[in-house]
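Subject: Structure handed over, with notes

Dear colleague,

Here is the structure I promised to pass on to you.

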Amino acid sequence: MQEGRVPRVKNRAPAAIQITAEQLLREAQERQESQFRAPRQRVEDFEELHEYRGRKRKEFEERIRRTRGSIKEWLQYASWEASQNEFARARSVFERALDVDPRSVPLWLTYTETELKSRNVQHARNLFDRALWYKYVYLEELLQNIAGARQVFERWMAWEPDDKAWQAYIKLEIRYHEYDRASAIYERWVAVRPEPRVWVKWGKFEEERGKVDKARDVFQTALEFFGDNEEQVEKAQAVFGAFAKMETRLKEYERARVIYKFALERLPRSKSANLYAAYTKFEKQHGTRTTLESTVLGKRRIQYEEELSHDGRNYDVWFDYARLEEGAFRQLREEGATAEEEEQAVARVREVYERAVAQVPPGNEKRYWRRYIFLWLDYALFEEIEIKDYTRSREIYQTAIRLVPHKQFTFAKLWLMFARFEVRRLDLAAARKILGTAIGMCPKEAVFKGYIQLEFDLREFDRVRTLYEKYIEFDPTNSAAWIKYAELETQLADYSRARGIFELGVSQSPLSMPELLWKAYIDFEVEEGERARARVLYERLAASSGHWKVWVAYAMFEAQPVQLPRDEREENDEDGDEDDEKEPKMIEGDLELARQVFQKGYGDLKNKGLKNERVALLQVWKSFEEQRGTGDDVAKVEGMMPVQGKRRHIDEETGQIVEDYDYIFADDERESNPTSFKFLQMAHAWAASKKTGGGDSGGGGGGAPTGFGFAAGLTKVDEEEKKDSRAESDGGGNESMDEDEGSVASSQDES
């Protein structure tokens, strides 16, 4: 067998005799060797006893000499001496061990237990007096020597021990119903260690034994001890909480509320979260709706202050904080609060806003200022609407405007709201001055719109015209400005002026979204009933843009009815009865003119070589004829529809011949390759006749329709039909339909 390989087990059958795990464990246990046990020695006389003791002592001394710091060896030595009733020797060993480690608690405990087991009580007392006060007291109480236990405690208290010792002394007195003594011990404990938890324990003790007045005196003494200083009150929060809870348990809710408020008024909000939580719980259980809401407000104030301490420029928190204070102010006013309370609430709101607007964003980027500027706006609206302090509101607007760096960016909303404020104060001159300053300092589209709307509402149309002129001078490419200006003149019934504005607008070479301006101009002329003027506009627009949608809109315009011109309408209104519900007279459209427009647009797109646009125009034209034309008109348009075939051309980058799908129009083929066109026409006619079962003659084509004949032959011919056409066709039968189309393309290239 090779080294490192696991041997194969050839016989995998189970053994005849099976061994269980229990048998394995039992055999292992039985085969273990027995542990060594020292032989037992039997002492017959004192001489052998002395010899045995001497030998053991020599062994212990040798072990102690080797490991002097091991307390375990000392304890074994001392315990052996005690087992031999040699208590003097045992004490000597214990004392020697204490010299080695006087702070070993197990050593002291074993020493005292040895003395107690041998009923040497006085020796045990001496040991307890030396180190173990707790055990000493326990011993005296176990011996029913209560006076002695008190003496031990008194001696112990002189050393001013930790709280557990004082607590043990108090529990001793309570076990024997000496409550006055326990109260006196509490008083001494407070004098030694005047901490809040000690005062709280004393007060609870007096409450539990039924001395409510004494408990109140304890808590009041504690509060007088800590005083009204902020630091001391913060330290004494536990005392205030325990005092208030005691009054709550005694159903003295007003007392408890006064205690809570006394503490919360003297503590900052950020340091009294626990006390506020207790106060909130108290108000939920025992307070009224008003007190509960005020408590919740205080708790939320603490939460907002904590969030702002981490990030002072978190303007969302400032908004929530300001809304909180404004809501509290409105609620106080609705509930009929006193003037002093309202002033305090207003002061809190103003404080929040002043702190918020003091957090100026870093840098001169507008994205940092977007949220910040609304703090100023909310502040000004609060002063104007809620407080009616218009002077202060005006100062807020002015300060905000001075603060914004208008050379880099501005806020139109700030200028407009300031102007509207002055309008509400009936100071129209100041409002115009503000908006004029905004336009002169930092012109902006929103400022122009707001100023124009203001003057329009005041019906100052001359000022509106002037503003529109300034607006257009500022941005002559803005189509919306031209449209609004023209609409204004239309509303004022100055149609010639509106037409002149439209003309100026469309004459601007760079325009943002010029299609909107052209559409508005055309709609204006259509509304006026000037079909000839609208037709001229369509012609100009089609000549400038040449888009297929323009031709479609032009054709639809020619087909749709139009109102009478405004002059004729006014004459008819003067002659006839003025009936508002009567439908206006319309001039019907001309379908032939619409078809001519379609044909003209088709020719224009054809000259530009825009095949996809031609297809889109033909589809709209076909839908138009299906709705409003005859069958011949529809057939004519269908005859102009293209087929999708393959075109071969040479790729400029690779130099290889590439086949692409392309639209093939009948008129294009007829003009460029008449011979190939005729052949392709006959092929399509033959394919159509075979598909419909009209015959299968190889040269059949006499029944093909005139023109391109694609009405039935535009559909793709199946591959099988193509194979049949190869077999049966006499002229050029070795080429498929795609190859015929390719030959058409090649003949075009040669021409």
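What follows is an account of contacts, aromatic pairs, surface charge and backbone details.

Please keep in mind throughout that this is a predicted model.

I begin with the salt bridges, of which the structure holds 49. One of them joins Glu558 to Arg535, with the closest N and O atoms 2.6 Å apart. Because Glu558 lies in helix α30 (residues 548–559) and Arg535 in helix α29 (residues 531–544), this pair ties together parts that are 23 residues apart in sequence. The two partners can also be described by their accessibility: Glu558 has a relative accessible area of 2% and is therefore buried, whereas Arg535, with 25%, is partly exposed.

Another salt bridge is formed by Arg595 and Asp633, whose closest N and O atoms are 3.0 Å apart. This pair links distant parts of the chain, with Arg595 in helix α32 (residues 591–608) and Asp633 in helix α34 (residues 631–640), 38 residues apart. Arg595 is itself buried, since its relative accessible area is 13% and the cut-off for a buried residue is under 20%. There is also a network in which salt bridges that share partners join Arg350, Glu354, Glu383, Asp389 and Arg392.

A further salt bridge connects Glu178 with Arg181, the closest N and O atoms being 3.8 Å apart, which falls within the 4 Å limit that defines such a contact. Here Glu178 is partly exposed, at a relative accessible area of 31%, and Arg181 is partly exposed as well, at 42%.

Turning to the aromatic residues, the structure holds 31 aromatic pairs. In one of them, the rings of Phe225 and Phe226 have their centres 5.3 Å apart and their planes at 80 degrees, and the pair is therefore edge-to-face, the angle required for that label being over 60 degrees. Phe225 is partly exposed, with a relative accessible area of 47%, while Phe226, with 5%, is buried.

The rings of Tyr353 and Tyr379 are arranged as a stacked pair, because their centres are 5.0 Å apart and their planes stand at 5 degrees. Since Tyr353 belongs to helix α19 (residues 339–357) and Tyr379 to helix α20 (residues 366–387), the pair ties together parts that are 26 residues apart in sequence. Tyr353 counts as buried at 4% relative accessibility, and Tyr379 likewise counts as buried at 1%. Elsewhere, one aromatic cluster is formed by Tyr315, Trp369, Tyr372, Phe409 and Phe411.

On the surface, a patch of negative charge gathers Asp45, Glu47, Glu48 and Glu51. Of these residues, Asp45 is found in the loop between α1 (21–30) and α2 (46–66), and with 38% relative accessibility it counts as partly exposed.

Lys388, although it is not a glycine, has a positive phi of about 65 degrees, and its place is in the loop between α20 and α21 (390–403). Leu426, also a residue other than glycine, has a positive phi near 65 degrees and is found in the loop between α22 (412–424) and α23 (428–441). Leu426 is exposed, with a relative accessible area of 79%.

Val562, whose place is in strand β1 (residues 562–563), is 25 residues from Ile587 in sequence and 5.1 Å from it in space, C-alpha to C-alpha; at 2% relative accessibility, Val562 counts as buried. Lys484, found in helix α26 (residues 479–491), is 14 residues from Ala498 in sequence and 10.0 Å from it in space, again C-alpha to C-alpha. With a relative accessible area of 49%, Lys484 is partly exposed, because a residue counts as exposed over 50%.

With kind regards

Definitions and conventions
Residues are numbered from 1 along each chain as its sequence is written. This is a predicted model: local features need pLDDT of at least 70, side-chain atom pairs count only at pLDDT 80 or more; totals for chains, interfaces and linings use all residues. Side-chain values use heavy atoms; hydrogens and water are left out. Patches are made of residues with over 30% relative accessible area and no salt bridge: like charges are joined within 9 Å, nonpolar side chains (Val, Leu, Ile, Met, Phe, Trp, Tyr) within 5 Å. Accessible areas come from the Shrake-Rupley method with a 1.4 Å probe; for residues, only the protein chains shown count as cover. A salt bridge is a side-chain nitrogen of Lys or Arg within 4 Å of a carboxyl oxygen of Asp or Glu. Lys and Arg count as positive and Asp and Glu as negative; His and the chain ends are not counted. The place of a charge is taken as NZ of Lys, CZ of Arg, CG of Asp or CD of Glu. Helices (H or I, at least four residues) and strands (E, at least two) are DSSP runs, numbered from the N terminus. Buried means under 20% relative accessible area, exposed over 50%, partly exposed in between (1.4 Å probe, protein chains only). Rings of Phe, Tyr and Trp (its six-membered ring) pair if their centres lie within 6.5 Å; planes under 30 degrees apart count as stacked, over 60 as edge-to-face and the rest as tilted.
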